[in-house]
Amino acid sequence: MPKIILDGKEIEFKPGQTIIEAARDAGIDIPHFCWHPKLSVSGNCRMCLVEVEQMPKLVISCATLASEGMVVHTSSPKAVEARNAVMEFLLINHPLDCPICDEAGECKLQEYAYAHGRGESRFEEMKVRKEKRIQLGPYIKFDAERCILCSRCIRFTDEIAKSHQLTFIKRGDKVTITTFPGESFDNPYTLNTTDICPVGALTNQDFRFKARVWEMSKTNSICIGCARGCNIEIWVRNNQILRLTPRYNEDVNSYWMCDNGRLNTFKFVNSDSRIDGPFVRRNGLLEKVSWEEALSEASNKLKKYKGNEIAFIGSAYATNEDNFMFIKLAKLLDVKKVMFARHIKEGDQDDILIREDKTPNSLGAELIGLMPINENLLNELFEEISTGKIKVLYIIEDDIFGKYENLKELAKKLELIIVHATNKNITTEFADILFPASTYAEKHGTFVNFQGRVQRIRPAVATVELDRALDGMSMSRWDKFGTPFDRWMQGKKYDAKPSWKILTSISTKLGLKIKYEMAEDVFEDIANTIDEFKGLDYDLISNNGIKIKNKAYEYIK
Ligand code: SF4
Ligand code: SF4
């Protein structure tokens, strides 16, 4: 591979790479505002100026191709002086907003002002004033004074979202960004601009003024909004999720996520509709009981029925570990009907990220061994309930009564309905025994996305149980995952458990010899039993996931 000398160090580069790209691959960060690895080069901020030997002037490293033998200095007096001058110009009109700016703590301008700023201003005139609260689109507020005109948001909208909705207008120090007259900035991916805006000019209205970034913990996880399974970070303060942001994974979602996934897949975790502790129906009413009571009630009642009198409905929202344990219990009870429902929103799909399968794990559910419900299976189920052949329904983590409304009428024919749910829904209204399930943000586990990639979720929010036992994990293991659990000690915690754990307790009461302490133990069993998962473990899946199917999965509708 060809090489350049960067600050005295020889580094390799791929032909066609610019200096900034070669440096980045070698782990060296050249300061920049407008350059972004996934956007075209604009070269307007001048922050990445470097000195190249035998070139008469400084060059911008984002637009200068690396070439064999090139000698580059990023910290020579000339390069540093130029960078400091760029910072001085940028700060002339930038407002002193850091104490009230959402970006503070993760702002490139703040960071570079600290490293390259003069520390005082020589500018004695009035700063240019611009509008500070422009509603650019349904989810974004724009502060024109904070904008450093890097054009990242414009290029994102043109090149990634392809909606061409933003542009620069005016001249000189009056330049600002805007939408075309009468138009709103409202494509399905707008909030990615708040991530790539290097300053606090574009802010996510949903998160605005909720917390300073250093007050929150962040945990690597997976979005549950659709079968893409975008890699995300969950940001938590006082045991409450305040925002989700995309996490880079070139094979799944690159640097992006959709607005729907970002805004609508976490509020249920801290909502008042959570099921808090187990319930059993007594005299027609659901009564809160202890875990022991609910588990005994479930196991005592289940053993009174034959396998062909019971139907199990698993879930494409549940983890592989939950569904695997569900199948184990079904086998123990000799239940043959073990299925799950797909949630397809036809037409709601694009070539960027969004998938029409609105669940995170339908491929996983199928690989683990659940049958996807089709028309025949559904009619058969309805028929067998109405004729009294099926007397018991066991449903985990899906609002099946909400999806298949006929079940509401058929419910009176059933003698027992056991439900695991995170939040109240139509199905929970019909439950005789109701177990509170942990949400995806409160447990370890795995999903398989539509590409056949196994990916891990991790707890970002504590439940009563997690707080007590840290999910059975040693402190050093938690440290490894980087979750600052000490921050969890404040805030509301729900009395919920992962479905696989509830199912393990019931199975044990029914005589199954099983010893799962952590989700990882269940996964180990999956990897030993199911061909597609052979050879995998949690460490191997790690943060980027592992592809277990070579062909993208096509759903049979
Ligand atoms: S709003 Fe942000 S991303 Fe857009 S041009 Fe201004 S500084 Fe750059
Ligand atoms: S594309 Fe799907 S997985 Fe990605 S953020 Fe949107 S809803 Fe979530």
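Mentor: The sheet is open and holds 3 strands in the order β6-β7-β10, with antiparallel pairing. Its edge strands are β6 (134–135) and β10 (202–204), each of which pairs on one side only. Strands here are DSSP runs of E with at least two residues, numbered from the N terminus, and two of them pair if DSSP finds at least two bridges between them. Between β6 and β7 (residues 140–142), which run antiparallel, there are 2 bridges. Gln 135 has Lys 141 of β7 as its bridge partner.

The model is predicted: local features need pLDDT of at least 70, side-chain atom pairs count only at pLDDT 80 or more, and totals for chains, interfaces and linings use all residues. Residues are numbered from 1 along each chain as its sequence is written, while chains are lettered from A and ligands numbered from 1 in the order in which they are written.

Turning to the ligands, 13 residues surround ligand 1, the closest being Cys 147, Cys 150, Cys 153, Cys 197 and Ala 201; a residue is near if its C-beta atom, placed from the backbone, lies within 6 Å. This shell divides into 11 nonpolar, 1 polar and 1 charged residues. Nonpolar means Ala, Val, Leu, Ile, Met, Phe, Trp, Tyr, Cys and Pro, charged means Asp, Glu, Lys and Arg, and the others, Gly among them, are polar. Ligand 2 is also surrounded by 13 residues, with Cys 223, Gly 225, Cys 230, Cys 258 and Gly 261 the closest. Its shell has 7 nonpolar, 5 polar and 1 charged residues.

Definitions and conventions. Helices (H or I, at least four residues) and strands (E, at least two) are DSSP runs, numbered from the N terminus.
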